[in-house]
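Thanks for coming, everyone. Let me put the structure up.

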2 protein chains.
Amino acid sequence: MDVSKRAFNFCAGPAALPEAVLQRAQAELLDWQGKGLSVMEMSHRSEEYTSIAEKAEQDLRDLMEIPSDYKVLFLQGGASQQFAEIPLNLLPEDGVADYVDTGIWSKKSIEEASRYGNINVAASAKAYDYFAIPGQNDWQLSKDAAYLHYASNETIGGLQFDWVPELGDVPLVADMSSDILSRPIDVSKFGLIYAGAQKNIGPSGLVVTIVREDLLGRARSVCPTMLNYKVAADNGSMYNTPATFSWYLSGLVFEWLKEQGGVAAMERINRAKKDLLYSAIDTSDFYSNPIAHNARSWMNVPFRLADEKLDKPFLVGADARGLLNLKGHRSVGGMRASIYNAVGLDAVEALVAYMAEFEKEHG
Amino acid sequence: MDVSKRAFNFCAGPAALPEAVLQRAQAELLDWQGKGLSVMEMSHRSEEYTSIAEKAEQDLRDLMEIPSDYKVLFLQGGASQQFAEIPLNLLPEDGVADYVDTGIWSKKSIEEASRYGNINVAASAKAYDYFAIPGQNDWQLSKDAAYLHYASNETIGGLQFDWVPELGDVPLVADMSSDILSRPIDVSKFGLIYAGAQKNIGPSGLVVTIVREDLLGRARSVCPTMLNYKVAADNGSMYNTPATFSWYLSGLVFEWLKEQGGVAAMERINRAKKDLLYSAIDTSDFYSNPIAHNARSWMNVPFRLADEKLDKPFLVGADARGLLNLKGHRSVGGMRASIYNAVGLDAVEALVAYMAEFEKEHG
């Protein structure tokens, strides 16, 4: 690989960012818009930074068509911190919350929430070896749940909901860390959506939480002030100094997404990308993906080679062609191609070409 | 001001970063060491990122001579989140902790800790209108305190300890957000030191906590997993995805500090800077700073003009000369020059020259 060239990066996260975004960040890294200082060096309360922060929020609102009765919070600690923040803010001490288990991240959210109250696992994909998602008819819902939590996409297993649960008045809480902004969703169906930034939004160290206003103000007395959604909302996510550079860079990604045609355009491109890759897997006897077709992730595509002794040569050859970070998660093995918004169709074409070449040689 | 020129930035935080650090980050923003991807796009578990993270920690250990029985944690949520993490990790439910109040940040830490148990305010600078720090002889210490907490430098008031409390076996916990790395300290005197990055370390969104190992493993059952120091320590600050870019950039700052001659060199430069600025204030009837000389901050220098009607013209003239962010905190008024490590002697010279010029014109 030509070292001066950008690689195709299939990392599950922190993941590829749009090259145009990095170029812009690079150009203004020492001097933002002639102000003589970096965005990293600005007071978060300055006029300049306020304009950056507000534009980022507005662009995200535009992209996702977020209704005006939802707050958009730019927080820290990643999705893992949200696993505690959600029950600390939404689950009364004597209440119950429903959780759906579709993989490793769901399980982590269940484990953390269980430390704060009564958690009912309403459904688990375990019955299908995590290769399919139980339909809502089979869910064992609680009466009067404070909320239902699910992960719309499991980054490690490669399992994604292609439908939104319908729960009437029970607030729906979704971990969208790895599929936010990848295709349109109806935000009004949700009570709360959260997403660690480092897949489809921006750099790690930022988590975006979108919460319906009526769910604010219920935090437990033991909830740390920094983890209280209402405090964050009342202070425009600036109760203390936020992760200013990550917020700015996420704003550049939102601008880039708008230039590309928004989330509808992303859906078209992402559909083409996943169709190309799954088709390459399905038309071959050498590669395989075990997930039920209607639950296959558009963002994270795990696949196996016919012989796992070939995993290493496959990865070495991929690296040599600038196809990086294809190794599957240690808990799953095999390969995984994460094809988030910033990974173009050209990257998937290069991957599929390499897969065919490798199969011809070793198949 | 020539817009292509870097300004002198006296912001209290997020604050100035060394220009050489920003240049290096800029040069490798799209392609780190020929790997074809940005540091922001790397898996935190990759070989490349691991080398970045480990080098940053080792450089910080070298700079501060951190003993081997201390863990260095790269966390999120800023000092404000530490205000809760400290009692959640170190204060037993039936225990008591001593706090010293020397200003706004101390008070915030006391307020948050009081939500988790019995807090004794052992001393307060209120008796001196926050212009001086009560000597340890006047402190009302608890018997068997779980720890004593103080802020070594108050960013807003401009009040800094020039001594370290001596408490025998009671662990000393210090908020060093705004003076870490500015001069040598003896880490072994402390149980825990923490510092939000955005003053003397790196970009906001990162907080560094240095904790003696024997203090780990005492977290309350209600402590969120992400706020548990032992979990962070056991996972090398990677229980989940850390703020990778902020950690990397902090590492570049640590490298730069070593190149400058380390913390001892910083102490010499910082002494020269604060001597120059306080001397300009003290030798004038036009400017004033009310803090007792032995408690004056080396990092944050608040000062007033003889007539506050001149504040605005002073700031306008400063801006026009590229001397930015000199406005004092709204709770204090007047001016404040934050002169952290990355603000050079040349910046202070330019400020002092402007102050003299302004006084001549308006004094």
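I'll cover a lysine, then a pocket.

First, the ground rules. This is a predicted model, where local features need pLDDT of at least 70, side-chain atom pairs count only at pLDDT 80 or more, and totals for chains, interfaces and linings use all residues. Residues are numbered from 1 along each chain as its sequence is written, chains are lettered from A and ligands numbered from 1 in written order, and side-chain values use heavy atoms, without hydrogens or water.

UniProt, in an unreviewed entry, annotates Lys199(A) as "modified residue: N6-(pyridoxal phosphate)lysine". Such annotations may be inferred rather than shown by experiment. Lys199(A) sits in the loop between β9 (192–196) and β10 (207–212) of chain A. Strands here are DSSP runs (E, at least two residues); helices are H or I runs of at least four.

Is Lys199(A) buried or exposed? Buried, because its relative accessibility is 14%. The cut-off for buried is under 20% relative accessible area, with a 1.4 Å probe and protein chains only. The Lys199(A) side chain reaches the backbone oxygen of Ala12(A) at 3.0 Å.

Now the second largest pocket. Its lining has 16 nonpolar, 18 polar and eleven charged residues. Charged means Asp, Glu, Lys and Arg; nonpolar means Ala, Val, Leu, Ile, Met, Phe, Trp, Tyr, Cys and Pro; the others, Gly among them, are polar.

How values were computed:
Buried means under 20% relative accessible area, exposed over 50%, partly exposed in between (1.4 Å probe, protein chains only). A polar contact is a pair of N or O atoms within 3.5 Å; within protein, one must be able to donate a hydrogen and the other to accept it, and residues adjacent in sequence count only if both atoms are side-chain atoms.
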